[in-house]
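Please keep the structure open while going through them.

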Amino acid sequence: MNKIIFIFLCVVLLTADKANAQKEYDVIRNNWIEFSDAPNALYHRLSRQAYALLNKRTAAMKDIHSLQGWQNRQQYIRKSLQDLIGPFPPKTALNAKTVRTINKVGYRIEHVIYESQPGFFVTSSLYIPAAQKKNKLPSIVYCSGHANEGYRSSVYQHVILNLVKKGFIVFAFDPVGQGERLEYFDAATGKSTVGGPVDEHSYAGAQAIITGSSQAKYMIWDGIRAVDYLLTRKEVDPQRIGITGRSGGGTQSAYIAALDDRIKAAAPECYITSLTRIFQSIGPQDAEQNLGDAVLRGIDHADFLLVRAPKPALMITTTRDMFSIEGARETAKEVSRIYKAYNKEDNFGMVEDDAPHASTRKNREAMYAFFQKHLNNPGNAADEVTDSLTAQELQVTETGQIATSLKSEMVFSLNRTHAEQLEQQLQTFRNALNGHLLNAVQSARKLSGYEPPLQMHEPVFTGRFQRDGYVVEKYFLQGEGNYIIPYLLMKPDKPNHKAMLYLHPSGKQAEAPEGGEMEWFVKKGFTVLAPDLIGVGEMGPGFFEGDSYIQGVSYNVWFASMLIGRSIVGVRAGDVVSLARLLQKNENVQAIYGVARKEMAPVLLHAAAFDSTIKNVALIEPYTSYRAVVMNRFYNPAFIHSTVPNALTAYDLPDLSASLAPGKLLIVDATDGAGNTCDPETMDKDFAIIKTAYQHKKAGEQLRIIPGKATGKNVDLYLEWIK
C-alpha cells in the first residue's frame, strides 16, 4: 500500500511540475481577463471580416427598387455562381442502365446506374406510380441529406413514397460519399475509412478546393445529369419537373434549382438561412456548402432563390433548426421583394413548424401542396402512412457499394486528373523562370488573402525569467485584426546581432525548455522569437470544430477563411511579417532568419516570399508541395490549415522557395502529402524548380536539401546554415 501511495504521489508531483513548466511560458493565460477568449481569435477574425462583407451586400440589396434592378442582380448571381463553383464538364453519354425493377402495390421502382461523367457512376432509383398510362407525369428530383444510407433513409423514403402516392414520379440519387457511393469504402468493415458523409465530402472536397474546383461542382453536376436522365423517360413531362431535399439535400436542391432552368418548382428544406446567421451560430458547414469567395463576391443563401425568380419556390423551415430560423425569415423577406417586383408573389412562400432539424407533418403537407399546385397535379395533400421497403429491395448495385461492384471514378481521382493538367500548365510557366516567379509570388499574395502590415504596434511586456547565458521575456503584439500574438523572446547575454523566428505547429513552448533547439540558437548569439500564431497555443484552436472535424482538424474554420477570399496561411503570414519587422526595429539586428517545422513551413515560405525582412529560411520536415496533398488519396488532415484555396491554379510551395534565391535555404526531411518521408523521385520532381532558380542565381551553395531522415540532431545541420 505504501508503495502504491508513493507511486501516486510521484505521478502527482510530475504532473504538477509539467503543468508549472508549461505555465512558465504562458504570456496571457490566467492573468489577462481581456484575452480570456483568445483561443477563439481565429474564428472571430474571419467572422468579423465576413460580417463587414455581408453588411455591404445587405446595403446593396436595399438599394434595389425596380424590376430592372432585380434582373441585373440575377445576371450578377448567375455569373458569380459559375465562377465560384467552377466550370462544369461537358455533357457526355449517361450510359444509363436499369439494373433491376421492384414491383410494389401502386408503383414500381427502377434501380438505375448512370454516369454523370465518364466512369463516374451514380446509383439511383426511379419511382413510377402504377396509374401512369399514356399521360406524362410531373416528376420530382429528390436530394438526400447527410444520411449514411442516402435516400434509403426511412425519413426520406416516407416523403418519396407519399409523393408517388400523389401521382408524382420521383427520381432519387445517391450523393457522393453516401448510400452506395462511399468513396473511402473499407470492405473489411463495411464503412468509410475517413468518417461519415460530411467527412467524405470535406476530405475530398478540400483537395478539390486547392485546385480551384469544388465539392459542390461534382455534386451539383450529378443532379443536373439526373434531370437529363428524367428527360429521356417517356413517362416524364419535361415542363413539370420539381426538386426537393432536406438538410444536405436542401443544399443540393437549392444549388441545382439555381443552376438548371429546366426545374420549374423548388422546395429546399431545413437549409436556407443566411450566412450572417451561419457565422453567428453553427459556423460554416461541410465542403459542398461553402463556395470559395462567395461572401467576398456578395453571394448569400437568398441568391439561390433570387436567381430563379419568378419560378415557384418554397422555403421549408423549422424554428429550432441548427440553421437559424431568424436567418431564414430575413432571407424570405428579401426574396419576397423580387417576386413582388415580378408581380408573382404567389409563386414564393415559406412554411415553418416548431421543431428541431427534422421533417414534420405540417411541413411535408405544405410541400406536397406546393408541388400539386405548381406542377399542375391536384389532389389530396394529406401525409399518408407508407409501407417500409427492405434494404434488399432498395439495393441498386450487386454488392451494395459502387466501390466493390464497379470500377468507378471518385471525386479524388477526377480532381487528380484536373491537378495533373494544372501541373503541366505550371511546368510550362516555369520555363520562363524570372517572370513566372514574380507572377507566382503575386498570385500567392492574392490567393492567400495576405494583408501586409500597415501599422507597427508596440509590444506589451508581461514578464521574464533568467537562464544561464540568456533571458526569456514574454510579450504580446497586436495582430492584423482585433487579436494578439503572444510570443517568447530569448535574448542572449552576448548577442551576435542576428535574430531567429521559430515557428512550430505546437506553438512557442515546443522547443522552449532548456536543452531545446531555441536555446541552441540563443547560445550561438541569436535573439530568438517564438510566437503562438493565431489558432495555435494560447491563441487556439478554439471551441469551433464544425461538422467536418477530421483527425482533430477543423476543416470548417478553413472553409470560413475561403468564403471571404482569405486563408489561414495568409493571416498568419501577415503576422509573421509583423514580428520580423518588430525584431528589426526593436532588437537592433542585422539579419533575420526563420525556422519552421512541418505544417508551419508554408506560413514561413509565404511570409519570406512576400517580405524581404526574412533573409534565410530553414524548413524542417515540411511537406514538399500542395500538389503532394492533392495527389495523395490519404493525405494528412493536419496539413489543411496550411494550404491555400485555388493555389494550384497559379503556384505551388516550391515556387515560393525558388523565389527566395539567393538567400540561404535549408530543407530537411521533406515529406509527402501523407506526412511520410518523401521518396526521391517525388522530391526531385517537386524541388526541381528550386534547384533551377538557385543555379540561375549562381547561388547553389546557398541551397541545401537533406533528404530522408536526417542523421544526428537538426542543430548539426544548422551550423552551416547560420554561418
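In which sense does α18 pass α19, in a left-handed or a right-handed crossing?

1. α18 passes α19 in a right-handed crossing, a crossing being right-handed if the near helix is turned clockwise from the far one by less than a right angle, and left-handed if anticlockwise. This is a predicted model, in which local features need pLDDT of at least 70 and side-chain atom pairs count only at pLDDT 80 or more, while totals for chains, interfaces and linings use all residues. Residues are numbered from 1 along each chain as its sequence is written, and side-chain values use heavy atoms, with hydrogens and water left out.

2. Helix α18 (residues 568-586) packs on helix α19 (residues 601-610) at about 60 degrees, the axes being 8 Å apart; helices are DSSP runs of H or I with at least four residues, strands are runs of E with at least two, and both are numbered from the N terminus. Axes are lines fitted to C-alpha atoms, for helices over the stretch in contact, and angles run from 0 to 180 degrees between N-to-C directions. The two helices are therefore oblique to each other, the class left over once angles under 35 degrees count as roughly parallel, over 145 as roughly antiparallel and 65 to 115 as roughly perpendicular. Among the residues that meet here are Val576 in α18 and Ala607 in α19, contact meaning heavy atoms within 4.5 Å.

3. Ile614 is in contact with both Val576 and Ala607, and also with Leu501 and Tyr593, among others, leaving aside its neighbours within four places in sequence.

4. Helix α3 (residues 67-85) and helix α10 (residues 325-341) cross at roughly 120 degrees, and their axes come within 9 Å. That angle makes α3 oblique to α10, and their crossing is left-handed. Leu67, Trp70 and Gln74 in α3 meet Glu334, Arg337, Ile338 and Ala341 in α10.

5. An open sheet of nine strands runs in the order β1-β2-β3-β5-β4-β8-β9-β10-β11 with mixed pairing, where two strands pair if DSSP finds at least two bridges between them. Its edge strands, β1 (97-104) and β11 (348-353), each pair on one side only. Within the sheet, β4 (residues 137-143) and β5 (residues 169-173) pair in the parallel sense over five bridges, and Ser139 has Ile169 in β5 as its bridge partner.

6. Helix α6 (residues 215-230) lies across β1, β2, β3, β4, β5 and β8, and runs at about 125 degrees to β2 (107-117).
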